[in-house]
Every structure is written in C-alpha cells, then in structure tokens.
Amino acid sequence: MSKIPIMLKSNGNWDNYGRFRDFEVDAIVVDDNASYGILSSTIAEQLSIDTSDKIIEIKYIVNENCPPMEIRNDMGVRVYMETKKENKNLGSYPLCISVRDFNMELAINNESTSAGSSGSLNLLEFPSSPAREEYQSEIITESTQTYIEEGQVYQDKQTVAAAMKNYSVMHKFQFIVKRSSHRRYWLICVAESCKWHFKATSINDSAMFKIRSFSRQHTCCLMDETFIQRKRTAAVLGSMVVPKYCDPKTVYTPKDIQTDMLSEHGLNLSYMQAWRAKEKALQFLRGNPCPVVVVDGTFLKSAYRGIMLTASTMDAAGTILPLAYAVVDSENDASWKWFFEQFKEAYGEKPSMCVVSDRHESILKATSVVYPGMAHYSCMWHIWTNIRSKFKKGHLQLHELYFATARSYTLDEFNERMLKIEEVDLRVKSYLYDIGYHRWSRVHATVNRTFTMTSNIAESLNVVTKDARELPIFDIFEYMRTLLERWTKEKLSKAKGTFTYLGHKYNKELEDNSTLSQKLRVRASTDHIHTVLDGVKRYIVCLENKKCSCGQFQLDELPCAHALAALRHRNETYENYCSPYYTRKSLLLTYEMPVNPLPDEGKWDVPQHILDEVVKLPAGDKRQPGRPHKERYKTFDEIKSKKYKVSCGNCGGEEHNKRTCKNAPKKK
C-alpha cells in the first residue's frame, strides 16, 4: 500500500467544452486502496465541506478528447487510482470538485447518498415565475442510461449526447445530427423515410437539457451491417474500454473486446471494429498531436556563474526554434516557477501541450503549479544515462533494445521488446516500469509527442551558445537576439526557396516511405479501408481516420509506407493526410515576423517601472574564487567510458586498426 498525492480543483465551473475553469487549488494524500467513502470524507475535510447539507461531485479529465469521468463509487475510485499510479505527480489527473446544496434546489435519493452510484438528482419545485419553465424531474448525470424517454432532464448537452450514442449502440441502429447548438440537440435516423427522431433543448438557457420529443419506433429496416459502419461507433466502444488500458501491463486484445461486447452487451463485432475501438481507447488516453516544448538549463561560465534556462521546439523543417530564454541564479523551485509563469504569459497554453525535459525536480514542481495537468515527458537519453549509471549496464544490445522499445509504434512491438530487455536484465525492466511507461514510451504517451523523443534540440542550443555563456549577462542577451535575428532571416529565405508541400525533414521522411511503398500490394475493402500486403505481413489502413495498424500513420501524423501504397491505389495525393505543423505554409508563418535590430542604448524607450527597479548584485558581491569552470562536471560513468572506440576496417575487431591488424592476409 502506498500514498497517492492528489491535486484538488474546487470552487470552479464547467464550461460548454468540458473544461473546469476559475478554480482554486488544494491537495490531499490518500492510500492507493482507498474506498469512495474515504476519498469523499478526506476531500470534505480538506475543503471544509459540511456533508450534512452538501453533496460532493468528483470528476477528473483523462484528456481533452474524452468527456470528464465522474467518480461515483468504489469502482470509480479503483479506476482512478490505477490511472494515477502511472503518474504520481501532484499535478497529474487533478480531481475537479463541485458542491451541490441539499436544502436549496436539489435533493438526493437515499440510494445515491449512501452508495454514490445512482447518479440522479431529484429537483424540488422552483419558485413560480411566468418567464421561466417550471418542472419537477430528475437531473441525470450519467450517460449510461438504459431507458430514455420524454421529459428526462440531463445535467448538460454532453451527457445527453453521450447517452444517445450509447443508446444507439445498445439498440443497434445509427442516427445523424440534424441540428446542434448550445440550446438544442436534434437527431434523426439515417434512413430518409424513417420517422424516428429525438429532440432535446436547454432549460431556461441553462446548461441542463430536457428531452422534448422522442419517437422511438423505427419505420425503416434496421440491419447490423448498417449499424457497424457507423462512423462514431468506434468512439463509443472505445470510451467503454478505456479503463482496460489504464495499466500498461494489461494485455487486452481486439479479440477480448469482441468476446466482452458479445457477452455483456450482445454486440457481434468484427475484428476490425474491435481493433478500431482499441485504437480509439488508446487515443483517448494519449490524445492528439500537440505543441511539444523542450526545456533545459545550462550553466554560465562567467565570473559570477548562474544558469540560463531555455524553452525550444521544432519548426516545420525539423530545425530548432527557440521560444524563450532567461538567466537565473540556479535551477531551483523559484527560478523554474518564475520562468514558466513568464512563458505562459507570453506563449499561452495550447491544446494538448506537453513538455520534454530531464525531469529536474524543480521543473516538475513548477509545471504542476503553472500548467496543472499538462503532460510531462522524460528525455530518452536522460533515462538511458540513469540506467547506465545505476546498473552499470551500457552494452550495445541493451542500448539498442531500450531505444527501440521507447520508439515502438504499437503495443505488440513494445511488449515484445520489453521481454527481451527482461532477458538481458530484469532490474532494468522493473526500473522502467517504476518510472512509468507513459513518461518515455511513444505508444504509452498521454498526448502525441510525434518525433520529439529527446531533449536534443535544447542540448544543441546549448552547444551553439557555448562560447557566449562566458560573456556578461547583457552581452549574452544581445548574442541571443542577434542569433535569432540571423536564424529568422536564413530560415525564411530557405523556406521561400523550398517548393515542396512539406518542410525539409518531413518531406525526406515522406520520400523514404514512398520508396518503401513501391513493393507493397494493396487490396481495397471499402472506399477508405485497405489491406496492404508486405510479403507475409498484412496491415490495415483506414484513410478516413488517418490510421494504420503499424501505428506510424497516426502517431507521426505523416502517411507511412502502407498509407502511401493505399493512396497510390486510389490515385490520390498525400497532402490531406499530413499534419499542418509540417507544411511549408506553417514554416513561412513561423518566420514571417522578423527579429528587429536593437538601436543604440541612448535611444531605448524604457518604461518608468523598469527604471525604478533596483537590480541587486550577485550573491557575495564578488566573483567566485579560482578560474571559472568551462565544462560541466561529468559523472564517474562518463569519465570511465571511452568516448571513441577504435575498430579495424579489415576484420571488424576493436582495440586496433587496419594497419596494425594481425588478421590481415600476408602479402606475397
């Protein structure tokens, strides 16, 4: 049994996009086997909530593509704890706490207050008002309604929409949305002549929705074949099996999904449907492609020392794009918190944004406060350095296995390579599991990292600024400004001289995939689904959803060799199947704003509040004794290991070269 730290967000409100806004932050620590009652009472005690006349609603967000998940009973707590175990950081998966009043508008059924499982609220009568609708009903908070009828009231539009999706799955039919807005939700059957329809509208312009009209009888001929082709079926089924994939050790195959859906819901799914549901569930957990920010700190080599913090990303050409830089006294909690606060004010918070770093303790604390809930990943090289230092394991086989495992595109590939790591050293596998697969593995990432698996771009920026870090602080900033000025001009000129649809790096990747696709055979199943044969191997490509069973299409956001083969079979180009981040258009937009020259200091227009600030001298008011240190301190493992290995070009052996090789044939 272990303790789990949990961040609490309270006194906030849910917007129409399923986001919790304007909240206050607190925290608790509970056992990982806590029950629903213990969790509720701990929250109530920490937030000073009187449960005698208040009820607590507990929700959390898996990612932005999935509606908020509510914890209503012990099973909900178990699912949450299994999810939380993989990332025990305080800011990961915070609980969003809403409080309702017993004595004002709402009263709870005895069953729901004792077990926390009913999910329905009884409305008392509202004061009569000619301008407002009067009603007495239940507020339904769950989307898993087994019976839907006119007059039902749902807590919001998202809940009623999810309920109808589940309803269509259970009753094996499909519908289309005829009208949808913040005030109405109107559905009709896909068959034009069918009289089935569903109408729900908001109550008094509030978030609550009431079913106004529901004709449940179909006048068309329903067929399972029609139902299984429904575009959103995969999303509904995927949301139902999300808990199965919370633990990375769990093996839950499409065949298992077929079996469970048949036994529990009477749904006879094809293998492809089950596979798509699995992919959708994994997408709910890892999200969509996002802006990836790489942060790092590097020491200054001037007399007074100090640290330069940087934040960078990659542009559409696959080159370094510095976003922010600052000089601080050291890598501590206050410095990193201040850096991220300034970064957030300038850069904002993008959807599905994530950070890659060496996971310095201060970076973790700062991001959990400034960007609560944001995904945070480790640099693969940093973890490998720890493995090499901790277990004294640095041989080539383990090195190749680890990096291949981290870059795996599918769970099958990942599990197969982890077994090989286990054969080499069981301790390494246990160490990687304890870190959390989602922190370093591509396929387990909670948001899509695309090609950014390391912090190499930050290290490369450190190399570029190596000599400048010996300068005084003002000269360092001027060096960075002129560097960005030169890079912006050069990259813009190069982008204007590029006539490919994608940037250089991604165009090269696409060309390599195109070469590989030439030998592949394609068999079309539908307009969008194709079977691609690569020798004895078989891959399924869905062009409509931009996915391939190899995993590369959806994770790289670039057509893989199998997808390109399918596109060639359809006589279609690749442009609509690439991420907009990789395009030449994005590259031109990135560098369209120039870095302006800096005038002479006498012509600076400095705000008065800056002039009024008192800048203190560095601590100690004098330079550090001795000669300034130019290189970073290396670990014992780095010093002990040889930087270069001499190998023979004749026999391939080490410790000698071709000229001194004793295995070379003697000259006659």
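In what order do the four strands of the open sheet lie, and is their pairing parallel or antiparallel? In this predicted model, the order is S21-S22-S23-S24 and the pairing is antiparallel. Strands of a sheet pair through backbone hydrogen bonds, either parallel or antiparallel.

Strands S21 and S24 form the edges of this sheet, each pairing on one side only. S21 is joined to S22 by four bridges, and the two strands run antiparallel. Within this pair, Val-522 stands opposite Val-532 of S22.

The elements with residue ranges discussed in this report are listed below.

| Element | Residues |
|---|---|
| Helix H1 | 36-47 |
| Helix H7 | 254-265 |
| Strand S21 | 521-524 |
| Strand S22 | 529-534 |
| Strand S24 | 547-548 |

Helix H7 has twelve residues, which at 1.5 Å a residue should span 16 Å; the C-alpha atoms at its ends are 16 Å apart, so the two values agree. Pro-254, Ile-257, Gln-258 and Met-261 are the buried residues of H7. Because they cover an arc of only 100° around the axis, they sit on the same side of H7. An α-helix has 3.6 residues a turn, so residues three or four places apart point the same way. Lys-255, Ser-263 and Glu-264 are exposed on the other side of H7. After H7 comes Gly-266, with a positive phi near 70°.

Helix H1 contains Ser-40. The relative accessible area of Ser-40 is 13%, which is under 20%, so this residue counts as buried. Leaving aside residues up to four places away in sequence, Ser-40 touches Ile-56 and Ile-58.

Key
Residues are numbered from 1 along each chain as its sequence is written. This is a predicted model: local features need pLDDT of at least 70, side-chain atom pairs count only at pLDDT 80 or more; totals for chains, interfaces and linings use all residues. Side-chain values use heavy atoms; hydrogens and water are left out. Two strands pair if DSSP finds at least two bridges between them. Buried means under 20% relative accessible area, exposed over 50%, partly exposed in between (1.4 Å probe, protein chains only). Contact means heavy atoms within 4.5 Å. The expected span of a helix is 1.5 Å times one less than its number of residues. The arc is that of the directions from the helix axis to the C-beta atoms.
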